[in-house]
Amino acid sequence: MKGSPSVNHPRFRAVTNWIFLRGAGGEGRPRIIPPRTVFPEVRALEAVYPAVRAEVDALLSRTSIPTYGNFDPVRAAQVSEDWRLYYAYMYGRPNELARKDCPALLDFAMSTPNVVNAFISILDPGVGLPAHRDPYAGVLRYHLGLRIPKDNPPRIRLDRDYYTWREGEGTVLDVSFEHEVENHSDEPRVIVIVDFRRPMGPFADLLNRYCLRLKQKWAPQFVEASKYDVMHS
């Protein structure tokens, strides 16, 4: 399958997004959120931060990480074809190579029930993501800084708010708001991203779980690209 989970069933997605965001506070909901207020489980990942960073450093030193177009060419054409990604876990499916490449990240994802996706994001110098919204509002996105350029560090604009990444610091972003980022530094920005189910009331949560189960069919496309497009030594 080579399509895009970002464009399927647009009318159904519009209805579900309206339900999810209405329950989250509508346009008045927070853009940037302290992680432990909505994702307390992430303490377990932050506790092994040195191991996660060492594993990712080792992975990047021996592999060539594929660009977004290898996973989702439709969405990459809208966002960025130069954004590099390594999916350790996607819609409940592990990347078997991640058991060796980044076991601390994969262990966290597999042992935390509300985690949807877990991946490594590399934004090379001069690469940016233009203004866009994530198409599915049923998840919030956690960022953990691993390697952040010290000179002219990249930052993300999320609607009217801004956040500058810092090594060892985590934050939660509601990427259903318009957001954009540019790396004007001379070094790559490397972070871990974990998508998790947006906290909601019982009905919306049940609907969200159902929608995410439907999205599981896309997992092989993302996991297989990480497995075979990466040149392992």
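Six aromatic pairs turn up when the whole structure is searched; rings of Phe, Tyr and Trp (its six-membered ring) count as a pair if their centres lie within 6.5 Å, with planes under 30 degrees apart called stacked, over 60 edge-to-face and the rest tilted. Keep in mind that this is a predicted model, where local features need pLDDT of at least 70, side-chain atom pairs count only at pLDDT 80 or more, and totals for chains, interfaces and linings use all residues. Residues are numbered from 1 along each chain as its sequence is written, and side-chain values use heavy atoms, leaving out hydrogens and water.

Here are two of the pairs:

| Pair | Centre to centre | Angle between planes | Type |
|---|---|---|---|
| F39 and Y142 | 6.0 Å | 70 degrees | edge-to-face |
| Y87 and F119 | 4.7 Å | 25 degrees | stacked |

Take F39 and Y142. F39 sits in the loop between α2 (35–38) and α3 (43–46), while Y142 is in strand β6 (residues 139–147), so their pair ties together parts 103 residues apart in sequence. (Helices, H or I with at least four residues, and strands, E with at least two, are DSSP runs numbered from the N terminus.) F39 is buried at a relative accessible area of 0%, and Y142 is buried at 0% too. Buried means under 20%, exposed over 50% and partly exposed in between, using a 1.4 Å probe and protein chains only. F39 and Y142 also belong to one aromatic cluster with F108 and F196.
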